[in-house]
Amino acid sequence: MPTSYENLALYIDGEFIQGNGRIEQPVLDPATGDTIGQLPHASRADLDHALAAAERAFATWRHVSPMERGAILRKVGQLSRERAKEIGRNITLDQGKPLAEAMGEVVRCADHCDWHAEECRRIYGRVIPPRTPNVRQFVLREPIGVCAAFTPWNFPYNQAIRKIAAAIAAGCTIIIKGPEDSPSAIVAIARLFHEAGLPPGVLNVVWGVPHEVSEYLIASPIVRKVSFTGSVPVGKQLAALAGSHMKRITMELGGHSPVIVCADADVERAATMLSAMKFSNAGQVCVSPTRFFIQEPAWDRFMARFTELSRAIKVGPGLEADTRMGPLAHARRVTAMAEFVEDAAARGARIENGGERLGDIGNFFAPTVIAAPPDDARIMQAEPFGPIAACVPFKDLDEALRRANSLPYGLSSYAFTSNTRSALQIQNGLEAGMVNINHFGQALPETPFGGIKDSGMGSEGGTETFDGYLVTKFVTQMD
Ligand code: NAD
């Protein structure tokens with residue numbers, strides 16, 4: 001085991017708790033398959049401890065001023081920037097992404113902390129004019145209570161900090177179960193909040209068998225809100241469970257993002273930008289561009305450049321300086337990629353680049369470009385969540401929009417055009433929570449991030465970020 005990997009622990013009621021006889025799960029380096037750490041699972045007693053601690057802490061945390069809450073968040077932002085290298089290195093070790101991407105993730109999260117620290121001062125209520133002069137009518141927005149959050153392994157720092165910062169800034173307390181495959185980021189976050197002086201019980205970190213932990217926490221009457229980032233099928237299960245207990249939800253689920261490249265676009269620029277985005281984090285990104293609709297006159301130019309750029313990507317262990325794309329986070333993603341490619345090839349698509357596992361150590365898969373799969377190929381129907389771009393030609397914009405909107409997903413979308421009328425038709429026509437035209441500008445702390453249709457419910461970031469963490473109380477008072 002590398003000596004410098006994170007000392008994995010539970011974090012409950014302000015204490016870091018080691019294995020001490022609990023079930024432990026090995027954590028693997030996806031670049032080598034080596035075991036790098038042991039992650040303790042929470043027992044039932046640990047989950048009850050976390051629930052009780054979060055409930056007790058809520059009674060006081062809800063009354064702490066937004067200025068004090070913000071000060072702690074700002075401190076965590078500052079510590080994130082200072083420690084980005086060591087935290088990023090551990091993320092590379094247990095998740096696989098190149099070190100620069102891992103450090104970038106941590107630094108960008110510092111902005112999320114700062115923004116939530118500022119924005120929580122502006123959780124305003126309102127005064128409603130009364131029907132008689134001796135009555136006062138107020139609308140108060142109060143923290144909802146104890147939140148349960150479940151976050152995935154692709155951006156282990158980012159997905160967690162978005163939920164933690166929103167809950168804590170709103171005056172809620174939170175129990176988070178992170179990704180057991182890539183746990184170091186959330187343990188690091190707990191250490192920063194601990195150091196920044198967060199009172200015990202406001203943030204609690206637990207690990208375990210995902211469905212066992214989520215079912216137990218969601219069913220508890222102590223939990224008032226459920227937030228999940230992950231796949232659509234799991235999101236639907238958790239939303240149904242939360243619904244049966246009448247709990248508020250925020251769901252950030254999968255996508256199958258369409259890209260529309262019009263013939264009038266700067267095709268060279270589009271290919272360059274899309275190649276960089278497609279293969280970042282080995283395509284394991286919920287907003288990764290995945291279905292590329294290219295207008296026929298631009299097809300040859302786009303495909304030549306995009307394929308050339310994908311061939312030039314250096315794949316390797318994330319800690320090596322010249323690596324542009326790391327391994328997939330776990331072995332099951334490699335199998336999933338191979339199945340997408342096999343199905344597309346069997347249906348007559350051309351594999352322009354990649355399409356196969358690289359080497360026999362670690363979870364490496366080549367950047368893959370698939371040309372002209374039929375619309376019923378699996379790669380055009382199901383989210384690949386990996387380094388595969390499926391490219392198809394289209395004739396006119398109506399056709400591209402119809403095909404782009406044909407799936408139940410509705411997370412992110414992209415388009416390149418130099419025609420303002422086409423840009424307007426695209427932004428009005430795409431069924432997606434986010435539309436990026438001629439650049440990529442989503443996922444900033446100040447902008448709302450979320451999907452429609454099967455891709456989820458609610459937004460993180462933007463002024464919408466607190467909506468899921470607050471309840472509305474109407475007060476009417478007569479003198
Ligand atoms: P998965 O659906 O089994 O797990 C995804 C995440 O959800 C993991 O972190 C897992 O620990 C968690 N999870 C699974 N079941 C859970 C449950 N019952 N309760 C609480 N948490 C639970 O899939 P996977 O093989 O780990 O990842 C592949 C799929 O996950 C992809 O196809 C993609 O759709 C989805 N995914 C989406 C995002 C996102 O940002 N929206 C992130 C990671 C994974």
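Which residues come nearest to the ligand, of the 23 around it? I put this to the structure before anything else, bearing in mind that the model is predicted.

**Entry 1. Ligand surroundings**

I found Trp153, Ser214, Ser231, Arg332 and Glu383 to be the nearest of the 23 residues around the ligand.

I looked up the separations between ligand atoms and polar protein atoms. For Trp153, an N or O atom of the side chain lies 2.9 Å from an oxygen atom of the ligand. For Arg332, I noted a distance of 2.9 Å between a side-chain N or O atom and an oxygen atom of the ligand. At Pro210 the backbone takes part: one of its polar atoms is 3.5 Å from a nitrogen atom of the ligand.

**Entry 2. Burial and pocket**

I next asked how much of the ligand the protein buries. The ligand taken alone exposes 800 Å², and 86% of that is buried by the protein. I also checked the pockets, and the largest pocket is the space that the ligand takes.

I listed the elements that give two or more residues to the shell around the ligand: helices α7 (210-219), α8 (232-244) and α11 (331-346), together with strand β10 (223-229). Of these, α7 gives the most to the shell, with 3 residues.

I turned from the ligand to a pair of strands. Which way do β3 (residues 24-28) and β4 (residues 35-40) pair, parallel or antiparallel? I recorded an antiparallel pairing over 5 bridges. Leu28 has Thr35 of β4 as its bridge partner. The two strands form a hairpin, with 6 residues between β3 and β4. In the turn I noted Gly33, whose phi is positive, at about 80 degrees.

Note on methods:
Residues numbered from 1 in each chain as written. Predicted model: local features only at pLDDT ≥ 70, side-chain atom pairs only at ≥ 80, totals over all residues. Heavy atoms only, no water. Near = heavy atom within 4 Å. Polar contact = N/O pair within 3.5 Å; in protein donor to acceptor, adjacent residues only side chain to side chain. Areas by Shrake-Rupley, 256 points an atom, 1.4 Å probe, with all protein chains shown as cover. 1 Å grid on protein atoms, 1.4 Å probe; cavity = no way out; pocket = protein on both sides within 12 Å on 5 of 7 lines; lining within 4 Å. Sits in = over half its atoms within 2 Å of the grid points. Helix = DSSP H or I, 4+ residues; strand = E, 2+ residues; numbered from the N terminus. Pairing = 2+ DSSP bridges.
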